[in-house]
Amino acid sequence: MRGQGIFVAAEETKAISEDRQVKYEERQLTALLTCAMGFSMLQLFVIGALGPRLVGESGMSPAVLGLTTTIGFGTAAALSPAGGRIVDRIGPRRSLGALLLLSAAALALIGSAPGTALLLSAVALGGVPQALANPATNKAVLRFVPPARRAPVTGIKQSGVQLGAFFAGLPLTVLAAGIGRRGAVWTAAGTALLAGLWALRTLPADPPPPPAGPRGPLVPRGMVAWLAVFSLFLGAAIASVNTFLALFGAQRLGMGPTAAGALVAVLGVAGVAGRVGWSKAARPGRAERLPGWLACGSVAAAGLLGAALVAGPLVWVGAVAVGVFAVSGNAVSMVLVVQRAAPGRAGQDSALVAAGFFTGFALGPPLFGLLANSGRYGTGWLLVAAEFAVAAAVAFVWARRDRAGRAA
């Protein structure tokens with residue numbers, strides 16, 4: 001009897017040990033995926049946060065600052081459909097390693113760029129890891145995470161983008177004040193390189209590529225098409241905020257470069273909380289309604305940024321609101337893709353939705369930059385509010401049609 005008790009206790013201890021190991025591995029995977037999402041877009045957050053220094057030190061105009069975003073996300077949008085297929089073929093380990101190493105190369109070139117031409121070339125290179133980010137990380141979630149944990153893990157890893165905004169807006173801005181903007185960006189490049197080596201060493205080997213079958217359509221259909229259009233307008237508005245918020249604070253609200261960069265950091269922290277919280281709430285049956293309501297909250301956030309022209313401190317409230325509502329909309333759309341992707345299509349569907357988001361990121365900042373060039377920030381924030389409103393309308397129409405289709 002005593003021996004049986006010892007055997008049961010040993011089995012319980014073994015089960016507890018295995019459970020701890022599984023949780024540790026999931027935490028390590030989540031941290032890695034979060035880093036990958038953060039570094040995939042860090043170069044553009046760096047340019048946005050250091051925008052006041054770039055405009056002041058190199059004479060770059062606000063319109064050219066907006067063009068950096070257009071080139072980076074235009075490249076990402078063009079490459080996303082092919083990137084999704086590549087990820088489905090080669091697997092998450094190789095895709096994540098390539099993503100992080102290319103991010104390191106793009107950041108190193110940004111830090112070295114002597115003028116606008118090389119800077120724009122480096123930003124174009126940075127579009128490649130952006131195209132790989134959502135397909136690769138979503139593929140990893142589907143391969144390594146049990147179904148019950150996929151929504152929260154997806155939300156946490158999507159928050160990596162906003163962690164990138166935080167680090168660009170605060171630590172790197174402060175570091176740039178001490179060692180210069182080039183040294184700060186080179187530091188970020190070295191960190192991305194270490195993360196790439198970590199991915200290649202940590203993740204299990206990818207399985208052999210599946211047999212080549214008929215290619216799926218490059219034109220999105222059904223839910224993917226609606227989410228791509230929603231993401232286009234959402235991305236256009238978010239990109240304008242990311243690119244010009246710090247410059248708005250410096251030029252119109254009298255902030256110094258470090259304080260203006262902190263606006264991006266505040267937006268990033270709020271975005272982390274929003275993405276994690278709303279993704280956990282995005283259970284099947286509820287997730288379909290969330291994008292529309294989050295876009296409605298984003299309209300109010302844009303209104304707060306415009307109101308800061310009259311009451312300056314509202315810019316901080318507006319930055320928080322953009323993070324909690326607008327930035328979270330993209331995370332919820334990716335949760336929907338993970339929940340409802342067809343077998344073998346997770347990478348491709350993720351890429352098509354991301355292509356819509358990146359297209360919006362490419363189109364939004366140049367329009368806002370034209371207004372910022374003439375100092376018309378109030379009109380710019382109205383444009384952002386209108387883009388959020390269109391995204392809300394698209395999301396509500398799709399949710400109604402989807403609910404009707406399921407009831408039929």
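Which helix gives the most to the lining of the second largest pocket? Helix H1 does, with five residues.

The structure is a predicted model, in which local features need pLDDT of at least 70 and side-chain atom pairs count only at pLDDT 80 or more, while totals for chains, interfaces and linings use all residues. Residues are numbered from 1 along each chain as its sequence is written, and side-chain values use heavy atoms, with hydrogens and water left out.

## Overall fold

The protein chain contains 16 helices and zero strands. Both are DSSP runs numbered from the N terminus, with helices being H or I of at least four residues and strands being E of at least two. Of the 408 residues in the chain, 52% are buried. Buried means under 20% relative accessible area, exposed means over 50%, and partly exposed lies in between (1.4 Å probe, protein chains only). Contact is defined as heavy atoms within 4.5 Å. Among contacts in the chain with a separation of 6 or more, 86% are between residues 24 or more positions apart.

## Pocket and cavity

Both kinds of space are found on a 1 Å grid over the protein atoms alone: a cavity is a set of points where a 1.4 Å probe fits but cannot get out, and a pocket is an open set with protein on both sides within 12 Å along at least five of seven lines. Lining residues have an atom within 4 Å of a point. Grid points are joined across faces, edges and corners, and a volume is the space filled by probe spheres set on the points.

The second largest pocket has a volume of about 290 Å³. It is lined by 15 residues, and Phe-39, Leu-42, Leu-163, Phe-167 and Thr-191 are the closest to its centre. At least two lining residues come from each of H1 (2–40), H8 (160–169), H9 (171–179) and H10 (181–202). By class, this lining has nine nonpolar, six polar and no charged residues. Here Ala, Val, Leu, Ile, Met, Phe, Trp, Tyr, Cys and Pro count as nonpolar, Asp, Glu, Lys and Arg as charged, and the others, Gly among them, as polar.

The model has three cavities of 30 Å³ or more, and the volume of the largest cavity is about 110 Å³. Its lining comprises 18 residues, with Met-41, Val-161, Arg-275, Asn-330 and Phe-357 nearest the centre. H1, H6 (116–144), H8, H11 (222–252), H14 (314–340) and H15 (346–373) each supply at least two of the lining residues. The lining of the largest cavity divides into ten nonpolar, seven polar and one charged residues.

Helix H2 (residues 42–49) has eight of its eight residues buried. Leu-42, which is among the buried residues of H2, is also one of the residues closest to the centre of the second largest pocket. Helix H7 (residues 150–158) is largely enclosed by the rest of the structure because seven of its nine residues are buried. The buried residues of H7 are Ala-151, Pro-152, Val-153, Thr-154, Gly-155, Lys-157 and Gln-158.

## Selected residues

| Residue | Relative accessible area | Class |
|---|---|---|
| Thr-30 | 10% | buried |
| Cys-35 | 28% | partly exposed |
| Leu-119 | 6% | buried |
| Thr-154 | 0% | buried |
| Cys-296 | 32% | partly exposed |
| Val-397 | 29% | partly exposed |

Thr-30 lies in H1, and its side chain reaches the backbone oxygen of Glu-26 at 2.8 Å. This is a polar contact, defined as a pair of N or O atoms within 3.5 Å; within protein, one must be able to donate a hydrogen and the other to accept it, and residues adjacent in sequence count only if both atoms are side-chain atoms. Not counting residues up to four places away in sequence, Thr-30 touches Val-153 and Ile-156.

Thr-154 belongs to H7. A polar atom of the Thr-154 side chain lies 2.7 Å from the backbone oxygen of Arg-150. Leaving aside neighbours within four places in sequence, Thr-154 is in contact with Asn-138, Val-141, Met-334, Val-335 and Val-338.

Leu-119 is in H6. The C-alpha atoms of Leu-119 and Ala-106 are 9.3 Å apart, with the two residues separated by 13 residues along the chain. Val-397 is in H16 (residues 377–407). Val-397 and Trp-226 are 171 residues apart in sequence, and their C-alpha atoms are 9.0 Å apart in space.

The number of disulfides is zero, a disulfide being a pair of cysteine sulfur atoms within 2.5 Å.
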